[in-house]
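Please look at the sequence and the model together, then read on.

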Amino acid sequence: MNTEDLAASLTLMTAPDVELRAVPSYAVSTNNGPSTEVYRFLLEAGWQASRYLTVVGSYEFTAQHGDLLGAGGGETIHNVIMLGI
């Protein structure tokens, strides 16, 4: 299997205690003929509420086209939301 991936990351400190990060990426994998493309976008935010407490949240969108088994797979889409302290 061969995989090529391209990603970029942008991090911003919007306030002294708030950090935002965006990460778009693209990957293509091939396996002796069959191939798949994956598009991904991640958005994260963090707020340091106190010295020992940070509130974090993220949203991730992933879309996969094709499959590596050669079964003619269509499109798979994932939306993931995470919250934590």
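Val23 has Leu42 in E4 as its bridge partner. The model is a predicted one.

**Strands and their pairing**

Strand E3 covers residues 18-30, and its pairing with E4 is antiparallel, over 13 bridges. The two strands form a hairpin with four residues between them, and in that hairpin Asn32 has a positive phi near 50°. On to the next pair: E4 and E5 also run antiparallel, joined by 14 bridges. A hairpin of two residues leads from E4 to E5.

**The chain as a whole**

How many helices and strands does the protein chain have? The count is zero helices and six strands. Read from the N terminus, the order of elements is β-β-β-β-β-β. The radius of gyration of this chain is 17 Å, while the globule rule gives 12 Å for 85 residues; the chain is therefore more spread out than a compact globule. The C-alpha trace spans about 50 × 20 × 15 Å along its principal axes.

Of the 85 residues in the protein chain, 15% are buried. The accessible surface of the chain is about 6100 Å², and carbon and sulfur atoms hold 60% of that surface. Among the contacts with a separation of 6 or more, 35% are between residues 24 or more positions apart.

**Salt bridges**

The structure has two salt bridges. In one of them, the side chains of Arg21 and Glu44 meet at 2.7 Å, N to O. Arg21 belongs to strand E3 and Glu44 to strand E4, so this pair ties together parts that lie 23 residues apart in sequence. In another, the side chains of Arg40 and Glu60 meet at 2.5 Å, N to O. This pair links distant parts of the chain, with Arg40 in strand E4 and Glu60 in strand E5, 20 residues apart.

| Residue | Relative accessible area | Class |
|---|---|---|
| Arg21 | 28% | partly exposed |
| Glu44 | 27% | partly exposed |
| Arg40 | 29% | partly exposed |
| Glu60 | 21% | partly exposed |

**A nonpolar patch on the surface**

Which residues form the nonpolar patch on the surface? They are Phe41, Leu43, Tyr59, Ile81 and Leu83, and together they have about 520 Å² of accessible area. Strand E4 (35-50) and strand E6 (75-84) are the elements that give two or more residues to this patch.

Phe41 is a residue of strand E4. Its relative accessibility is 33%, so Phe41 is classed as partly exposed. Leaving out residues up to four places away in sequence, Phe41 is in contact with Ala22, Val23, Pro24, Tyr59, Glu60 and Phe61. Tyr59 in this list is also a member of the patch, and Glu60 is also the salt-bridge partner of Arg40. The C-alpha atom of Phe41 is 9.8 Å from that of Asn79, which is 38 residues away along the chain.

Leu43 is in strand E4 as well. This leucine is partly exposed, with a relative accessible area of 40%. In a regular strand, side chains alternate between the two faces of the sheet.

**A buried threonine**

Strand E5 (residues 53-66) contains Thr62. Is Thr62 buried or exposed? Thr62 is buried: its relative accessible area is 15%, and the buried class takes values under 20%. Apart from residues up to four places away in sequence, Thr62 touches Val38, Tyr39, Arg40, Thr76, Ile77 and His78. Arg40, one of these neighbours, is the residue whose side chain meets that of Glu60 in a salt bridge.

How values were computed: Residues numbered from 1 in each chain as written. Predicted model: local features only at pLDDT ≥ 70, side-chain atom pairs only at ≥ 80, totals over all residues. Heavy atoms only, no water. Patch = residues over 30% accessible without salt bridge, like charges linked within 9 Å, V, L, I, M, F, W, Y side chains within 5 Å. Areas by Shrake-Rupley, 256 points an atom, 1.4 Å probe, with all protein chains shown as cover. Salt bridge = Lys/Arg side-chain N within 4 Å of Asp/Glu carboxyl O. Buried < 20%, exposed > 50% of the residue type's maximum accessible area, 1.4 Å probe, protein only. Contact = heavy atoms within 4.5 Å. Pairing = 2+ DSSP bridges. Rg over C-alpha atoms; globule rule 2.2 N^0.38 Å.
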